[in-house]
Structure formats: structure tokens, C-alpha cells
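Reader: Hi! Could you walk me through this structure, one step at a time?

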Amino acid sequence: MVWIRRAVDARHWVSEEPFDALLLDLGLPDGNGMDLLRQLRAEGKRMPILVITARDSIEDRLNGLEMGADDYVLKPFVTAELLARLRAVVRRSGQWLAESDGSKWVCKDLVLDERRMVLTRAGAPAGLSKTEFALLLALMRYPDRVLSRRELEARALPHSDGQALDVHVFNLRRKIGDGYVRTVRGVGYVVET
């Protein structure tokens, strides 16, 4: 979790790092959160965005939803409700299986249980090495988003010599089969839903 106070910093972080969701307060010290929302959606950012604000008119709420917010929570709010709404928008985005602890990730017939470090394909266990598991977890956390080689190496191979990533992706594909991990030449890899 990253807490950012200014719109300019949010733009930077969202362009550099994949996030599961964004809690967006419309009252930012350096701009209007609605402008940031509009810009992120215009750039094709698909992460769930939950707006939190004191602006309670129906016009403001409808405008926020029309601009691309996935949900709209009015201040003051109860933290438990905010967290439940956040889990719901992430779950609806297809990133998480509907589990209370949010530890299972699904893509087609693959189910990756992060907590137990188990992968099943069509219900059958698929044995992965620790590095293969970390690679697939990174990709499944951000479906339909191309992760650069640098991002994947940082998440799964921090001491990589550069060529190790290709070897691990090859071994991962051999174990889970074709049609899950796609190469984007010159950029990285993506799991497509």
C-alpha cells in the first residue's frame, strides 16, 4: 500500500507501478481528483478506482461514476465499509477470486493460492518452483497488463543475470501449458484473461 497526497505523485506512481486499486480523494492539495480520474481513464488505466469525498450532491456522484470511478464513498465513512467496498471493486475487476482473504488469483482454469503457494490447473495440482510461482503470481496479480522484464525480475528474480528470466518463463510455460503467458517482444510478458 502506498499513500500519496498529491496528484502529480499519483500520476508518477500509477505509471511506474501496477496497483490492485486506487482510493482517490477528490480534494487534493495540488489539483482536482476528478481531473486525475479523467486522465487515468483516458490513458487506459483499468485498475479499480474508488472515490472518497465530501462532495455529496447527486450530480457529483453521477459525474464521478460517469468519469470512470468504480464506486463512490461519501465522507464521513466507516472504515469497515470502505474496506468492504474496496474488496468488492477489486473482486469485480476479475483480479481476485471471491475469497475472504484475497489470496486466490484466477486466470482461465488456473487457480493460484498465494497463501498456500499452490497452483492448480483445471483442478489438478501443478508443481512450480519458488521462482516460477513468484513469476506467475506477479503476472496474475495484474491480468491483461504487460509487465516489463525489469518489473518481473524485481519481483521474482532480484539477483538475475538477465537471461534467467527467459529460462524460468520457458519452464513455467512447460508446466502450465500454452495460452497463459504471452511474450510482448522487447517489453516483457502478460497473462491475458
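Author: Helices and strands here are DSSP runs, helices of at least four residues and strands of at least two, numbered from the N terminus. With that in hand, Asp144 is found in the loop between helix 5 and strand 10 (147–148). Keep in mind that this is a predicted model.

Reader: Is Asp144 buried, partly exposed or exposed?

Author: Buried means under 20% relative accessible area and exposed means over 50%. Asp144 has 30% relative accessibility, so Asp144 counts as partly exposed.

Reader: What is the phi of Ala122 near?

Author: Most residues other than glycine have a negative phi. Ala122 sits in the loop between strand 8 (118–121) and strand 9 (124–125). Its phi is positive although the residue is not glycine, with a value near 55°.

Reader: Which residue caps the N-terminal end of helix 2?

Author: Look for a side-chain oxygen that lies 2.7 Å from the backbone nitrogen of Met34. That oxygen belongs to Asn32.

Reader: How wide an arc do the buried residues of helix 2 cover around the axis?

Author: In helix 2 (residues 33–42), the buried residues are Gly33, Met34, Leu36, Leu37 and Leu40. They lie on the same side of helix 2, because the arc they cover is only 160°.

Reader: Are helix 5 and helix 6 parallel or oblique to each other?

Author: The axes of helix 5 (residues 130–141) and helix 6 (residues 149–156) come within 9 Å and cross at roughly 130°. Angles over 145 degrees would count as roughly antiparallel, and 65 to 115 as roughly perpendicular. The two helices are therefore oblique.

How values were computed:
Residues are numbered from 1 along each chain as its sequence is written. This is a predicted model: local features need pLDDT of at least 70, side-chain atom pairs count only at pLDDT 80 or more; totals for chains, interfaces and linings use all residues. Side-chain values use heavy atoms; hydrogens and water are left out. Buried means under 20% relative accessible area, exposed over 50%, partly exposed in between (1.4 Å probe, protein chains only). The arc is that of the directions from the helix axis to the C-beta atoms. A polar contact is a pair of N or O atoms within 3.5 Å; within protein, one must be able to donate a hydrogen and the other to accept it, and residues adjacent in sequence count only if both atoms are side-chain atoms. Axes are lines fitted to C-alpha atoms, for helices over the stretch in contact, and angles run from 0 to 180 degrees between N-to-C directions. Angles under 35 degrees count as roughly parallel, over 145 as roughly antiparallel, 65 to 115 as roughly perpendicular and the rest as oblique.
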